[in-house]
Amino acid sequence: LCYRIFAPFLGLMAWSVILAVTLYPAHQKLARRMGGKQGLAATVLVVVGLAVIGVPAAILMGSLGDSLQNFVAGVRGGTLKVPAPAAGVAEWPLVGPKLHEIWTQAHADLPALVRSRQPQVTGMVRQALGMLAGIAGGALLFMFSFIVAAIVMARADPAARAIRNIFGRFFGSRRGDDFALLCTQTIRAVALGVLGVAFIQATVLGIILVVAGVPFAGVLALVVLLLGIVQGPAILVSLPVIAWIWSSGDYE
C-alpha cells in the first residue's frame, strides 16, 4: 500500500536526492559565506537553478510548439516550399535514391506528397507531439525536484543520520557509514559524468553551429547543455537548425 501511494513520486524523489547529494558541497560553501544559514543558501541555489533551467526550457518548448504549428499550417495551406534537392543526394549510399525521389516530390507538390503518405505523416506528428510532451514533463519534474532538493539540503544533517541508520540496519553499524559514503561518492561521480558529457556535447555542437554560420549559436549551445543535463535529446535543437539550413538553400 505504501509503495502504491509513493510510486507516482519515485522519479521526483530520486531526482531530488541526486540533486541534493550533488549540490551539497556547493550548498555548504554558499552557506558558510552567508553565516551558516542553511535554508537561505538552499533557497538561493534553487532560485538560480530554476532561472537557469526553467526559463530556457520554457522558451524552447514554446518555440518548438510554434514551429510545429506553423509547419502543419504551412503544409495544409500549401504555403510551405521545399527547395530542390542537390544532384549529389541521389548518390548517397543506401538511402540516396529513395531520399532524392521523396525530396523531389516534396519540392514539386508537397501537399500531394503529404496526402499520399497521410498515415506516416500523422504518425510522425503524433510522435513529435508526444516527444515534446515528454520533454516538457521531464523539465517540470526536474524543476520540482530542485525545490525538494533544497528542502533536503536545508535539513541535510538529520537526513544523513537517517540514511546512515538505514544502512546500519542492513549492513551493520560498522559498515553502514562506509556504504553511505560509497553511495554519496557514486551519485556525485555519475552526476558529474552527466554534466561532463552534456558540456562536451554542447561544445561540439556549438562549434559546428559557428562554422555553419547559424545565428545565435551560443544560445543554442546553452540550450543543448541544459537539455543534456536533464537528459533531453539534442535533436530538439539540431533538427530545427538542419531544417533552417535546408530551407535557406545553403546545404551543399
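Q: In which helix does Ser145 lie?
A: The model is predicted, and local features need pLDDT of at least 70, side-chain atom pairs count only at pLDDT 80 or more, and totals for chains, interfaces and linings use all residues. Residues are numbered from 1 along each chain as its sequence is written, and side-chain values use heavy atoms, with hydrogens and water left out. Helices (H or I, at least four residues) and strands (E, at least two) are DSSP runs numbered from the N terminus. By this assignment, Ser145 lies in helix H6.

Q: Is Ser145 buried or exposed?
A: A residue is buried under 20% relative accessible area, exposed over 50%, and partly exposed in between (1.4 Å probe, protein chains only). Contact means heavy atoms within 4.5 Å; leaving aside neighbours within four places in sequence, Ser145 is in contact with Leu12, Trp15, Ser16 and Leu19. Because its relative accessible area is 0%, Ser145 is classed as buried.

Q: Where is the place of Val230, and how does it count by relative accessibility?
A: Leaving aside neighbours within four places in sequence, Val230 is in contact with Ile53 and Phe142. The place of Val230 is in the loop between H9 and helix H10 (235-248). Because its relative accessibility is 21%, Val230 counts as partly exposed.

Q: What separates the C-alpha atoms of Val230 and Leu141?
A: Among contacts in the protein between residues at least 6 apart in sequence, 61% join residues at least 24 apart. Val230 and Leu141 are 89 residues apart along the chain, and their C-alpha atoms are separated by 9.7 Å.

Q: Which backbone oxygen does the side chain of Thr22 reach?
A: Thr22 is found in helix H2 and, leaving aside neighbours within four places in sequence, is in contact with Ile187, Arg188 and Ala191. At 2.7 Å, the side chain of Thr22 reaches the backbone oxygen of Ile18.

Q: Which helix gives the most to the lining of the second largest pocket?
A: A pocket is an open set of points on a 1 Å grid over the protein atoms alone, where a 1.4 Å probe fits, with protein on both sides within 12 Å along at least five of seven lines; lining residues have an atom within 4 Å of a point. This pocket is lined by 25 residues, of which Val21, Ala159, Ala160, Ile163 and Thr184 lie nearest its centre. H2, H6, H7 (156-171) and H8 (173-212) give two or more residues to the lining. With eight residues, the helix that gives the most is H7.

Q: How many residues in the lining of the second largest pocket are charged?
A: Ala, Val, Leu, Ile, Met, Phe, Trp, Tyr, Cys and Pro count as nonpolar, Asp, Glu, Lys and Arg as charged, and the others, Gly among them, as polar. By class, the lining has 19 nonpolar residues and one polar residue, while the number of charged residues is five.

Note on methods:
Polar contact = N/O pair within 3.5 Å; in protein donor to acceptor, adjacent residues only side chain to side chain.
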